[in-house]
Amino acid sequence: MIYEFNGYRPVVHKSSFVHPQACVTGNVIIGKDVYVAPGAAIRGDWGEIIIKDGCNIQENCTIHMFPGVTVVLEENAHIGHGAVIHGAHIGKDVLIGMNAVIMDRADIGEGSIIGALCFVPEDMVIPPDMLVVGSPAKIIKEVSEEMKVWKKKGTNIYQSLPKELFDTLKACEPLRSVPKFRRKQTEFYQTWKQKKGE
């Protein structure tokens with residue numbers, strides 16, 4: 001659902017896919033090849049939200065702010081399931097892990113990876129290319145080149161999803177039994193731990 005609020009109507013590039021069960025309100029600008037999943041709440045009611053090209057906002061994420069604040073997700077930001085971005089700045093090529101919380105005026109540097117369930121407190125500045133975990137957040141090391149390649153592949157998968165959804169997603173009635181020759185899905189991307197063989 002996309003809602004105009006207080007004279008602000010969201011702007012969504014035609015190449016981007018906003019799921020009908022997501023909610024985008026007010027002063028929101030969404031660039032090219034962006035994916036917004038079901039249950040995402042992107043509330044530009046009190047301030048502006050700019051989501052640049054190639055970002056993905058996965059299921060049940062919340063993006064919001066205090067009044068008068070602009071939230072920016074730079075190019076290729078990857079926001080994992082259930083994450084909360086509140087009044088923060090997310091740098092280019094950043095990965096925010098599942099159920100992480102990024103608080104007001106936090107600044108996540110380009111290429112950084114924020115672990116699942118991480119709590120980044122207000123005003124925290126994360127330099128570029130850092131791996132961050134914990135609650136409260138703690139920088140533990142630099143992101144390796146190998147990890148950057150792995151993250152980029154995951155983001156690319158999400159960048160191809162809008163076109164596939166435009167081409168194939170449709171409401172339907174469920175089947176009542178499993179077809180005999182139901183097509184098996186391939187494993188074309190793995191968790192970091194699987195990739196490392198741990």
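This is a predicted model: local features need pLDDT of at least 70, side-chain atom pairs count only at pLDDT 80 or more; totals for chains, interfaces and linings use all residues.
In the hairpin formed by strands β19 and β20, 4 residues lie between the two strands, and Gly-134 there adopts a positive phi near 95°.

**Strand pairing**

Strands of a sheet pair through backbone hydrogen bonds, in either a parallel or an antiparallel sense.

| Strands | Sense | Bridges |
|---|---|---|
| β16 (residues 113-114) and β19 (residues 130-133) | parallel | 2 bridges |
| β19 and β20 (residues 138-142) | antiparallel | 4 bridges |

Individual residues illustrate these pairings. Ile-114 stands opposite Val-132 of β19, while Leu-131 has Lys-141 in β20 as its bridge partner.

**The sheet as a whole**

These strands belong to an open sheet of 8 strands, arranged in the order β3-β5-β7-β10-β13-β16-β19-β20, with mixed pairing. At its edges are β3 (17-18) and β20, each of which pairs on one side only. In a regular strand, the side chains alternate between the two faces of the sheet.

What is the nearest side chain of opposite charge to Asp-104? That side chain belongs to Arg-105, at a distance of 5.4 Å. Asp-104 is buried, yet it has no salt bridge; the cut-off for such a bridge is 4 Å between a side-chain nitrogen of Lys or Arg and a carboxyl oxygen of Asp or Glu. Apart from neighbours within four places in sequence, Asp-104 is in contact with Phe-66, His-86, Gly-87, Glu-122 and Asp-123.

Note on methods. Residues are numbered from 1 along each chain as its sequence is written. Side-chain values use heavy atoms; hydrogens and water are left out. Two strands pair if DSSP finds at least two bridges between them. Buried means under 20% relative accessible area, exposed over 50%, partly exposed in between (1.4 Å probe, protein chains only). Lys and Arg count as positive and Asp and Glu as negative; His and the chain ends are not counted. Contact means heavy atoms within 4.5 Å.
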